[in-house]
Amino acid sequence: MLDDILGRLGPTATTVLIDGRSGSGKSTLAMRLHNLWACSTVVRLDDIYPGWDGLSWAAEHVRRSLLEPRAAGHTGRWRQWDWATAAPSGWHTVTPGQRLVVEGIGALTPTNRALADLGIWVDADDTERKRRALERDGETYRPHWDRWATQEDAFIARFHPRACADLIAVVTADGFEFTVPD
């Protein structure tokens with residue numbers, strides 16, 4: 001199915017946005033897409049959020065510093081966050097013609113979608129999402145789950161990312177199932 005999606009994008013497509021709540025499967029989908037879409041770069045918002053209260057900042061940063069410059073034919077850039085030192089840790093660049101997958105809650109807004117070739121929202125059951133996220137990140141994430149979920153709720157209420165998506169993806173035993181939003 002991912003092959004079909006990439007085939008429909010066409011040879012000039014350069015930007016895919018993957019959004020969804022924590023633990024929904026965004027990173028898994030991004031890596032599968034990266035492996036199929038030759039020469040693509042994956043930018044993870046987990047590497048950009050400036051700490052546990054940084055979802056809104058990261059969404060704005062991706063638009064302003066990465067997507068808008070690339071759409072205008074310039075090199076985009078993004079600032080990495082070092083979680084261990086709780087400080088910025090350098091800049092990374094992505095040229096305008098380079099294939100790019102941006103994944104993370106905060107990637108898909110109406111403005112960002114207009115700057116990309118495809119937007120995907122990844123859905124998952126809340127209980128399953130929490131289980132997967134805590135299994136992945138362990139006790140480091142547990143005390144921040146509710147704090148982060150509150151930011152997700154605010155982002156979703158403000159930007160309606162699911163409604164911006166061209167496709168909805170759900171993790172299945174065989175990979176992903178894709179549907180077109182209602």
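Modeller: Let's start with Trp 148, which is buried, with a relative accessible area of 5%. Bear in mind that this is a predicted model.

Colleague: Which aromatic pair does Trp 148 form?

Modeller: Its partner is Tyr 49, and the geometry is edge-to-face, with 4.7 Å centre to centre and 70° between the planes.

Colleague: Which parts does that pair tie together?

Modeller: Tyr 49 lies in the loop between strand 2 (40-44) and helix 3, while Trp 148 belongs to helix 6, so the pair joins parts that are 99 residues apart in sequence.

Colleague: And Tyr 49, buried or exposed?

Modeller: Tyr 49 counts as buried because its relative accessibility is 2%, and the cut-off for buried is under 20%.

Colleague: Which residues do ring pairs link into a cluster?

Modeller: Tyr 49, Trp 52, Trp 83, Tyr 141, Trp 145 and Trp 148. The count of aromatic pairs comes to seven.

Colleague: Which residues in helix 6 are buried?

Modeller: Trp 145, Trp 148, Ala 149, Gln 151, Glu 152 and Phe 155. They sit on the same side of helix 6 because they cover an arc of only 160° around the axis.

Colleague: What covers those buried residues of helix 6?

Modeller: The cover includes strand 1 (15-20), helix 3 (55-71), helix 5 (126-137) and helix 7 (161-164).

Colleague: What about the face turned away from the buried side, which exposed residues does it carry?

Modeller: Asp 146, Thr 150, Ala 157 and Arg 158 are the exposed residues on that face of helix 6.

Colleague: Which residue takes a positive phi just after helix 6?

Modeller: That is His 160, with a phi of about 50°.

Colleague: New topic. Where is Thr 14 found?

Modeller: Thr 14 is in the loop between helix 1 (2-9) and strand 1.

Colleague: Why does Thr 14 count as buried?

Modeller: Because its relative accessibility is 19%, and the limit is under 20%.

Colleague: What does Thr 14 touch, not counting residues up to four places away in sequence?

Modeller: Thr 14 has contacts with Trp 37, Arg 70, Pro 96, Gly 97, Gln 98, Arg 99, Leu 100 and Asp 117.

Colleague: One last thing: what lies over the face of Trp 91?

Modeller: Arg 77 does, at 3.6 Å from the ring centre.

Definitions and conventions: Residues are numbered from 1 along each chain as its sequence is written. This is a predicted model: local features need pLDDT of at least 70, side-chain atom pairs count only at pLDDT 80 or more; totals for chains, interfaces and linings use all residues. Side-chain values use heavy atoms; hydrogens and water are left out. Buried means under 20% relative accessible area, exposed over 50%, partly exposed in between (1.4 Å probe, protein chains only). Helices (H or I, at least four residues) and strands (E, at least two) are DSSP runs, numbered from the N terminus. The arc is that of the directions from the helix axis to the C-beta atoms. Contact means heavy atoms within 4.5 Å. Rings of Phe, Tyr and Trp (its six-membered ring) pair if their centres lie within 6.5 Å; planes under 30 degrees apart count as stacked, over 60 as edge-to-face and the rest as tilted. A charge sits over a ring if NZ of Lys or CZ of Arg is within 6 Å of the ring centre and within 35 degrees of the ring normal.
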